[in-house]
Amino acid sequence: MLFGDGAGAVVVERATTTVDGVLGEVVLGADGSTYRHIIVPAGGARVPLSLDTRPSERYLAMAGREVFAAAVTRLTGAATEALAIAGWSTADSPWLVAHQANQRILSAVARALGLSEDRVVRDLDRYGNTSAASIPMALTHHAHRFRPGDRIVLAAFGGGTTWGATTLTWPERPPTTPSPDEG
């Protein structure tokens with residue numbers, strides 16, 4: 001399964017202490033020069049649809065190798081920067097909750113960060129690539145694995161070659177979440 005379907009939201013607040021909440025600044029980036037790596041060639045303002053539009057131009061096209069390399073590089077860089085802002089290192093054994101696009105990407109980012117595979121939250125095998133919903137869904141469905149005080153790095157990579165990351169500490173009183181079978 002390449003793409004799944006899902007929706008999610010997570011409410012976080014800036015912490016006043018280092019016990020609960022978001023610690024670091026949000027790291028954001030974009031590189032518009034690589035827009036051709038993930039694109040629907042026609043259907044937008046640049047190339048409106050017409051009767052002459054070829055069917056192949058109406059669907060998502062992706063340069064797989066380039067996207068893989070960019071995703072690993074940008075996710076690793078953003079997570080590293082977020083960890084540094086928070087004053088954490090991978091020696092603190094944080095959890096990685098990243099965009100669930102590809103198992104190989106998740107493994108490559110974990111290796112680059114020096115994290116063991118058991119510290120990487122994975123939902124891709126169950127839900128597919130749910131795009132922007134993947135991090136909220138992963139937090140919800142794996143909340144039972146986190147303990148108060150656990151350090152978590154959130155990192156995302158997406159269309160338009162955009163990326164972001166932040167850190168949070170799992171709260172003392174975690175939110176009520178449905179079990180994986182309920183949600």
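**Close-up views of a predicted model**

View 1. Residues are numbered from 1 along each chain as its sequence is written, and side-chain values use heavy atoms, with hydrogens and water left out. Helix α2 covers residues 103–113, and its buried residues are Ile105, Leu106, Ser107, Ala108, Val109, Ala110 and Leu113. (Buried is under 20% relative accessible area, exposed is over 50%, and partly exposed is in between, with a 1.4 Å probe and protein chains only. Helices, H or I of at least four residues, and strands, E of at least two, are DSSP runs numbered from the N terminus.) Those buried residues pack against α1 (64–86) and β5 (95–98). Just after α2 comes Gly114, with a positive phi of about 75 degrees.

View 2. Have a look at helix α1, where Ala78 sits. Is Ala78 buried or exposed? Ala78 is buried, because its relative accessible area is 2%. Setting aside neighbours within four places in sequence, Ala78 is in contact (heavy atoms within 4.5 Å) with Val27, Trp163, Gly164 and Ala165. Ala156 is 78 residues away from Ala78 along the chain, yet their C-alpha atoms are separated by 8.6 Å.

**View 3. Salt bridges.** How many salt bridges does the structure hold? There are four, counting a side-chain nitrogen of Lys or Arg within 4 Å of a carboxyl oxygen of Asp or Glu. One of them joins Asp31 to Arg74, at 3.5 Å from N to O. This pair links distant parts of the chain, 43 residues apart: Asp31 is in the loop between β2 (27–30) and β3 (38–39), and Arg74 is in helix α1. Arg74 counts as partly exposed, at 29% relative accessibility. Another salt bridge pairs Arg54 with Glu57, their closest N and O atoms being 2.7 Å apart. Arg54 is exposed, with a relative accessible area of 52%. Glu117 and Arg122 form a salt bridge too, with the closest N and O atoms 2.0 Å apart, and Glu117 is partly exposed at 37%.

View 4. The buried ones are Ser134, Ile135, Pro136, Met137, Ala138, Leu139 and His141, and their cover includes β5, α3 (124–127) and β6 (151–158). What lines the largest cavity? The lining is Gln100, Asp123, Tyr127, Gly128, Thr130, Ser134, Met137 and Ala138. Helix α4 (residues 134–141) gives the largest share, three residues. The largest cavity has a volume of about 30 Å³.

Definitions and conventions. This is a predicted model: local features need pLDDT of at least 70, side-chain atom pairs count only at pLDDT 80 or more; totals for chains, interfaces and linings use all residues. On a 1 Å grid over the protein atoms alone, a cavity is a set of points where a 1.4 Å probe fits but cannot get out, and a pocket is an open set with protein on both sides within 12 Å along at least five of seven lines; lining residues have an atom within 4 Å of a point. Grid points are joined across faces, edges and corners, and a volume is the space filled by probe spheres set on the points.
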